[in-house]
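Hi everyone, thanks for having me. Let's take a look at one structure together, and I'll point out a few bits as we go.

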Amino acid sequence: MRAKSTIFALLALSMSMVACETNTQDTHIEQDSKEEAFESAIVAYIDNTVVPTYRGMANNALLLAEACTEIQQAHTDGILTTELIAEAGNYWKESRRYWEESEAFLFGAATDYNIDPHIDSWPLDKNAMDDLLADINSGKDWSIDNNINYGLLGFHAVEYMLFELSEDGAVSHPHKTNYTEAELIYLVAVANDLAEQCVRLEAAWAGMDGVTADKRTMLEEAELEPSINYGQSMKTAGQGGSLYKTYQEAAEELIDGCVTIADEVANTKMGTPVKGAQGDAEGDRNYIESPYSLNSIVDFQGNIISIKNAYSGSKAGDASISDYIKSVNSTLDTEVMTLIDESYDYIGRIQEPFAQHLSDKEATDAIDKVNELVAALESVYAELSKN
Amino acid sequence: MKKSIFLLLAVVALSACRTDEPATGNQGDNQVAELPEWYYTGGELGTAYVHTSHALEQPTPAVINAGMYQSFKNGEALFENPFMSNTDGVRSGLGPVYIRTSCLHCHPGYGHGKRMEAGTFRTDEVGNGYLLVVYNKDTEGYVSWLAGMPQGHAVAPFKAPIDESKITIEWHSYTDEWGNTFPDGETYELIYPEVTMPADAVYAYNEGALTAEEMGNYGVKLESTIGVYGTGLLDAISDEDIIAEWAKQEKDGYMQNGLNTSYFEGGQWKNFYKNTAQGGDGTPYVRRYTYAMSRGPLQDGAGANAFWNITNATRSDRRFHYLDAAGSWVKASAADPDVQAGFEEYIAQVDPNREYPEFWEGTTEERITAYLTSKNLPVEVSDQEYTDLMVWHRGLAVPSARDVDDEDVQRGKELFEEIGCAYCHRPSWTTGDDNVEDPARFFDGTELPRYPHQKIWPYTDMVQHKLHMVNDIRTGWCRTTPLWGRGLHQKVTGSPTADRMHDCRARDVIEAIMWHGAEQSDARKSVEEFRALDKKDRDAIVKFIDAI
């Protein structure tokens, strides 16, 4: 090509670029390398954070269900001990730890299949539970499969059955051994239902072929097979069957999940009861989610870990959104990482029982700190959504 | 040499051509290059910029600016989480009969209900946004022996007015006059629901408190919820502007079904919304909400009332239960030996200090009746909670339009207007002063976020029309449903289908459009023109409708 016409062509091209058409070769390259970075981060996120978290949750929920069955058997045999109840309580705490560590990714199966309200609604509908126990006692037909309200199910129903508070509400103990038969029938049913939902969640992200044969059978028998492979969907953005048109969209979802849980921790889980305790009419000091196990602080820290894993990866060397942000705005990345660690620490300074320390300075400091994290994560979202 | 000029020019070009997206809803400070005004669907004060599965859950800038964020978050928790039948504690007061345990149940993702597959009418899982419309086929009015929104659940010892396990939904195929085929050969499918409710699904009938004759020639239809987002913005449109739109359409005479003369005739609005029974003073307001345009201002609208009547959790301004007007459920319950047997324990929990002598004196039947029909029950939801809920309700942002620079979307927008869709699906309005009216006089307006003088893009004319669909909506009149945000439905709910139209019958936009095509439909001409377009143009319109 002759030099003059080449330059002319380049000028024409450059003028069209200045006129803000986005289809330039360089923008494509930039976009492609962004997509590549996001793809690596998403694959690591699914394989090393999401699926292992749900797997841990499911496995512990299965152990919990087994332990509840053991409690029932021991009770029938007249040999139930506090230790056995405490052991079940530990499986409850472990399973719940994984749940809290999954709350940065409540989008997808946890929402679409209503697993979140199914396993985590609170408070326990104690009134409905008493009615159900009466039905069980009197030999009436009952089930917890269909037509039962979420207030009778999930973590908090099991919590009520495994833990109790001291008189002054300051200490959580294993539940007394003197259960009624109906209570244990209910407990075993609810614990098994919880395990099924946790397994469903794992299979929804790992795929049915990504879980053990036993878990597959469990889901098939309960007719709870997931219809979408959410993990696959996110890992194959832009391809047929994916819910995401681009990896950028998937990355936005990932970060928005973090924003949402951080905001909820700061302003709802901590904010609502703390403000209520300070006499702010906009608060409600009774708004404490896990009142019997006194597990709130651990729960909130679990949520922060969830954000950390989602944002910067779970295993050393994992590709992550943090890597990308570091490459385009390293100040912001440092800010986010610092605020994540600080949020974890600040929350850790609040004493249990949370209900009795709502007015402490540590509580308001933690809320402010987590709100700073929210703002930083929103900046990350803005950075990701740039074209 | 060639290469370095190219790179130099490229650097210049790229740095001159920033097309930043605005930041997310909570900040929104990053203003941008030339985005068209229809990108800002809720105006400056009512738009959020998140398009993830939480797209419909964002607070408006107005909420943030007014310092109402904590209130918004509290209200959100009340909307999302289930109520319990406990008599105290967080979210207590469910029952004695109720429709769902939470608002989220009917508004998955804070939006439109999901289509329910054939089978029994199941409402325990989140997602089913259908209300059962039980009506008299001769008068087309709601029956009096069930509440307008019939309750399928009860708290022991009471029993639900309807047994949902006996109510069935079936889906039928429909073939339109064109054989469900476009001139170029592309085909589509159309389905519609039918609901059956046998008499023995009705508790009062089974108890002998209601006769078949009294039940009359009844039928059952489905009406789904639509989204909560943007309702505050629609509320900010002035009454005068809505009247002007109705007047204009009456004058134009384009609609073959005319206007609904129950509401509007001879240039005048006829049948205003008035609240006289529940705190109001009868001030007339133009109707603006629900398919049937049964509600006026938002503060006494579907949501404000649903917060009470879905769960039957009482408020200071609603110290009574939502029940059927004919009193048939109360009659059946009071005489039911099972209810009588359980009433002592129940009432001891509700009124432990015996503050209501009428609940404790007289025959059991009288006592049950007194409790169920009481007009000054203990308050279960505080005024602050109700205010928080309304801050959230009025404060939900509309997601900004997506893909506005996509050529097909832009072409679709042009065609949407060219073929006349924009007549009923009027693209935009400018809101008025928005003084926040409350027919029930609970709110004085200062408690809630406001949206004065905003240019908004809801794609509705706020007028009722008729589509003459098979198994049509009750009475056939239907307010043009706002199209904003609907393209995000599947993302925010996980539904496999688009679930458009009032009963979610349309699984995608094409089906929704073709349901507008009946010979006597007000949209007939537009559908004829749609059919005459080539596939590329038809797809462009679909893309546009999903993008807004």
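Helices (H or I, at least four residues) and strands (E, at least two) are DSSP runs, numbered from the N terminus.

Before going on: this is a predicted model, where local features need pLDDT of at least 70, side-chain atom pairs count only at pLDDT 80 or more, and totals for chains, interfaces and linings use all residues. As for labels, residues are numbered from 1 along each chain as its sequence is written, while chains are lettered from A and ligands numbered from 1 in the order in which they are written.

Back to the helix. Which residues of α8(B) are buried? They are I242(B), W246(B) and Q249(B). These sit on the same side of α8(B), because they cover an arc of only 65° around the axis; that arc is taken from the directions from the helix axis to the C-beta atoms. Among what covers them are β9 (264–265) and β10 (268–269) of chain B. Just after α8(B) comes G253(B), with a positive phi of about 65°.

Now the strands. In β4 (residues 130–136) of chain B, 5 of the 7 residues are buried, so to speak mostly covered. β4(B) runs antiparallel to β8 (residues 218–224) of chain B, and 7 bridges join them. Two strands pair if DSSP finds at least two bridges between them. One bridge to look for links Y135(B) with G219(B) in β8(B).

There's also an open sheet of 3 strands in chain B, ordered β3-β6-β7, with antiparallel pairing. Its edge strands are β3 (119–120) and β7 (190–196), each pairing on one side only. β3(B) meets β6 (residues 168–174) of chain B over 2 bridges, and G119(B) has I169(B) as its bridge partner.

Finally, how far can we trust it? pLDDT is the predictor's confidence in each residue, from 0 to 100. Chain B averages 93, and 94% of the residues score at least 70. Over residues 1–31 of chain B, though, pLDDT stays under 50. Where pLDDT is low, the predicted coordinates should not be read in detail. For the complex, the predictor gives an ipTM of 0.88 and a pTM of 0.91.

Key:
Buried ≥ 20, exposed ≤ 12 C-beta atoms within 10 Å, placed from the backbone. Contact = placed C-beta atoms within 7 Å.
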